[in-house]
Amino acid sequence: MVEKVPMTRGGHAALADELKKRQSVDRPRIIEQIAEARAHGDLSENAEYHAAKEEQSHNEGRIAELEDKLARADIIDVSKLSGDTIKFGATVTLIDEDTDKKAVWQIVGEAEADAKQGRISITSPLARALIGKKKGSSVEVVAPGGAKAYEIAKVEWR
C-alpha cells in the first residue's frame with residue numbers, strides 16, 4: 001500500500017512550482033551546459049562537463065522525489081478545520097515555561113516544514129508532543145537540545 005504524504009494546499013502548490021521550474025527551466029539549461037561542455041573536446045579532463053553532469057543528476061533526482069511526493073499527496077484544507085484540539089494544520093502559540101518566550105508554529109507535512117517560516121513537521125518531537133492537546137495544557141518535549149516545557153496559549157486554524 002502506498003503511504004500518503006499529508007500536506008497543506010500551500011505546501012502542495014510550492015512543491016508543484018518547484019517541480020515545474022526544475023522541469024521547464026533547470027533541465028533545459030543543464031542540457032545546454034552539457035552540450036556546450038561536450039563541444040570543448042576531451043571529456044575525461046573536462047571539468048565543466050563533469051560539473052554539468054553532476055548538476056543534471058542532482059536535478060533529476062529531485063524531480064523524481066517531487067513527483068513521488070506530489071503523487072502521494074494527501075492535501076488537507078486547513079481552512080476547513082476547527083476545534084480546540086491540536087492536530088495537523090493547527091497553528092499553535094506556545095509560551096516557554098522557563099523563559100516566557102512566545103513561539104508560533106504551524107504543524108505541517110514533512111515536505112513543507114521550514115522552521116524559519118514557523119512551520120514544523122508533523123513527525124518532529126514538538127509536533128508529536130502537541131498532537132491531541134488543548135489550549136491551556138502544558139507539554140514537555142524532549143528535543144535534541146534537552147527537555148523543554150511549554151504552555152499552549154492559543155490554537156488557531158489559518
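## The Gln106–Arg119 bridge

Gln106 has Arg119 of strand S5 as its bridge partner. Strand S4 covers residues 102-108 and pairs with S5 in the parallel sense, over three bridges. Two strands count as paired if DSSP finds at least two bridges between them. Strands are DSSP runs of E with at least two residues; helices are runs of H or I with at least four, and both are numbered from the N terminus.

This is a predicted model: local features need pLDDT of at least 70, side-chain atom pairs count only at pLDDT 80 or more, and totals for chains, interfaces and linings use all residues. Residues are numbered from 1 along each chain as its sequence is written, and side-chain values use heavy atoms, with hydrogens and water left out.

## The sheet

Five strands make up an open sheet. Their order is S5-S4-S3-S7-S6, and the pairing is mixed. Strand S5 (119-121) and strand S6 (138-143) are the edges; each pairs on one side only. From one strand to the next, the twist averages 45°. Axes here are lines fitted to C-alpha atoms, for helices over the stretch in contact, and angles run from 0 to 180 degrees between N-to-C directions.

Strands of a sheet pair through backbone hydrogen bonds, either parallel or antiparallel.

## Val92 in strand S3

Val92 sits in strand S3, residues 91-96. Val92 counts as buried because its relative accessibility is 0%. The cut-offs are under 20% relative accessible area for buried and over 50% for exposed, with partly exposed in between (1.4 Å probe, protein chains only).

Leaving out residues up to four places away in sequence, Val92 touches Ile86, Ala103, Val104, Trp105, Ile107, Leu130, Ile152 and Lys154. Contact means heavy atoms within 4.5 Å. Val104 is 12 residues from Val92 in sequence, yet their C-alpha atoms are 5.6 Å apart.

## The whole chain

The chain holds three helices and seven strands. From the N terminus on, the elements run β-α-α-β-β-β-β-α-β-β. The radius of gyration is 21 Å, well over the 15 Å that the globule rule gives for 158 residues, so the chain is more spread out than a compact globule. That radius is taken over C-alpha atoms, and the rule is 2.2 Å times the number of residues to the power 0.38. Along its principal axes, the C-alpha trace spans about 70 × 35 × 30 Å.

Of the 158 residues, 32% count as buried. Among contacts with a separation of 6 or more, 54% link residues 24 or more positions apart.
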